[in-house]
Amino acid sequence: MCLGIPMQIVSIDGYNARCTAKGVMREVSLFMLQDEPIVVDDFVMVHVGYALQKMSEQEARSTWELLDELLAADNLETDMQDSP
Amino acid sequence: MSLTAQDWLSKIKSLPLTRSVRIMNVCGGHERSITMAGLRGALPQNVELIPGPGCPVCVCPEEDVYHAIQLALHAGVILVAFGDMLRVPVNAPKAEPRSLEQAKAAGADIRPVASPREAVRIAKENPQRQVVFFVAGFETTTAPVAAMLLEGIPDNLFLLLSCRLTWPAVAMLLESDKPGFDALIAPGHVATVMGPEEWTFVVERHAIPAAVAGFSPVSLLAATYSVLRQLLEDECFLDNCYPEVVRSGGNTTAQAQLRQAMHVSDANWRGIGTIPASGFALATCFEEHDARKKFPGFETEGRKRVGEMPPGCDCARVVLGKIYPNECKLFGTACTPRTPVGPCMVSDEGACRIWRASGVKSPTASY
């Protein structure tokens with residue numbers, strides 16, 4: 001559950017933001033970052049629908065690459081291990 | 001230029017390490033990256049990476065899961081929970097549902113969610129129903145729940161809270177006769193929220209090297225190198241190998257929200273027992289949303305093995321890093337991701353599930 005996903009902010013409405021990660025769009029709460037200056041196009045680390053912290057674009061992109069590798073490996077291996 | 005995973009491995013291999021070293025991690029995300037990337041097989045044999053208490057679902061009290069099941073079956077509520085909570089087994093009599101998933105199959109209204117915001121949405125969409133959000137999590141999940149409460153929740157939403165702090169379990173191990181590890185890799189996103197300073201006690205009080213790590217092999221290897229070098233040079237400090245999001249002091253807004261919405265209390269850890277000041281309870285101002293107060297008394301008198309792990313299950317020792325998953329006699333035979341016996345085989349953050357899903361059979365073989 002502690003897995004965080006970096007997302008980029010597309011639009012902001014109060015404490016709610018539309019965010020995107022690799023083509024997937026989600027509503028994210030900025031409530032925990034209300035004391036930080038946050039603008040559209042910023043990158044944030046998101047966990048269970050809440051932005052935990054700001055991060056740089058470069059850091060976000062390298063995390064996306066890592067998640068891609070983990071998910072690809074996980075799907076493949078779970079399929080192989082967990083099928084009847 | 002930044003170092004690659006291969007560079008860090010070379011640096012680790014060049015260290016004049018003559019003894020074996022056990023490095024504990026306390027985060028399911030770390031264990032997942034370590035296992036998926038095959039780091040154990042790549043490191044020198046005398047460097048052991050031990051999965052410790054890093055899975056909130058695994059230590060969620062059996063009584064709480066049972067309570068949630070009974071609420072869903074008998075109180076007419078909509079029970080919402082994070083998905084990996086649904087398959088956690090309890091010690092109910094054979095004829096009764098033994099997990100939320102089985103209770104759902106028996107007709108209970110149980111809905112998996114991925115965010116506290118979904119719990120709020122479901123409560124708003126069902127104003128005539130009572131909705132109970134059963135939530136187990138560490139600080140990374142608890143802080144968003146606090147934010148959810150302070151943003152305002154509908155009157156018909158109640159919380160069955162089984163949230164825990166991460167560091168007290170490590171403190172408990174370090175204060176025991178046999179901690180079982182020589183160095184610590186501290187959890188990256190817990191430190192993002194709470195600040196890395198929470199972990200200085202490991203270094204200052206116990207003289208155990210520690211480094212906060214992120215979830216990439218590079219960050220995990222950098223942290224491994226850091227703690228090994230601290231050991232060799234006999235100079236401990238808390239290193240931060242995840243500066244991308246871990247900043248001095250952490251997210252102070254989130255910490256203030258946590259203090260406003262909750263207070264720290266003694267808490268029971270499944271298979272481990274009570275750890276002082278290791279859990280979160282709702283603050284007085286949110287008492288009317290406390291499912292424990294709204295729906296008390298769902299424990300069945302005389303129920304067998306209350307609070308315990310299932311028979312034959314060694315999850316408690318796996319959680320504490322006393323044994324590796326493959327050392328449990330049920331691992332991969334009676335207990336698999338498809339037919340889990342203990343909580344460590346259920347949760348995506350459980351070491352048993354992570355190892356089994358990756359085909360890991362022993363700590364020395366990467367695959």
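## Terms and overall form

The structure is a predicted model, and chain B in it has 16 helices and 11 strands. The C-alpha trace of chain B spans about 65 × 45 × 35 Å along its principal axes, and its radius of gyration of 21 Å agrees with the value near 21 Å that a compact globule of 367 residues would have. Of the 367 residues of chain B, 56% count as buried, and among contacts between residues at least 6 apart in sequence, 75% join residues at least 24 apart.

## Packing of H8 and H13

Two packed helices are described by the angle between their axes and the distance between the axes. In chain B, helix H8 (residues 139–151) and helix H13 (residues 252–261) pack at an angle of about 65°, with their axes 8 Å apart. Because angles of 65 to 115 degrees count as roughly perpendicular, H8(B) and H13(B) are described as roughly perpendicular to each other, and their crossing is left-handed.

On the H8(B) side the contact is made by B:Thr142, B:Ala143, B:Ala146, B:Ala147, B:Leu149 and B:Leu150, while H13(B) contributes B:Ala254, B:Gln257, B:Leu258, B:Gln260 and B:Ala261. By class, this contact has 8 nonpolar and 3 polar residues, with no charged residues.

## Where chain B touches chain A

The contact between the two chains takes 40 residues from chain B and 28 residues from chain A. On the side of chain B that touches chain A, at least two residues each are supplied by helix H2 (28–36), helix H7 (116–125), H8, helix H10 (188–194), H13 and helix H16 (351–357). The largest share of that side, 6 residues, comes from H8(B), and the residues of the side divide into 18 nonpolar, 15 polar and 7 charged.

Although it is not a glycine, B:Ala207 has a positive phi of about 55°. B:Ala207 is exposed, with 11 other C-beta atoms within 10 Å, where the cut-off for an exposed residue is 12 or fewer.

B:Ala277, which is likewise not a glycine, has a positive phi of about 45°. B:Ala277 lies in strand S11 (residues 273–282) of chain B and, with 13 C-beta neighbours inside 10 Å, counts as partly exposed.

How values were computed:
Residues are numbered from 1 along each chain as its sequence is written. Chains are lettered from A and ligands numbered from 1 in the order in which they are written. This is a predicted model: local features need pLDDT of at least 70, side-chain atom pairs count only at pLDDT 80 or more; totals for chains, interfaces and linings use all residues. Axes are lines fitted to C-alpha atoms, for helices over the stretch in contact, and angles run from 0 to 180 degrees between N-to-C directions. Helices (H or I, at least four residues) and strands (E, at least two) are DSSP runs, numbered from the N terminus. Angles under 35 degrees count as roughly parallel, over 145 as roughly antiparallel, 65 to 115 as roughly perpendicular and the rest as oblique. A crossing is left-handed if the near helix is turned anticlockwise from the far one by less than a right angle, and right-handed if clockwise. Two residues are in contact if their C-beta atoms, placed from the backbone, lie within 7 Å. Ala, Val, Leu, Ile, Met, Phe, Trp, Tyr, Cys and Pro count as nonpolar, Asp, Glu, Lys and Arg as charged, and the others, Gly among them, as polar. The radius of gyration is taken over C-alpha atoms; the globule rule is 2.2 Å times the number of residues to the power 0.38. A residue is buried if 20 or more other C-beta atoms lie within 10 Å of its own, exposed if 12 or fewer, and partly exposed in between; C-beta atoms are placed from the backbone.
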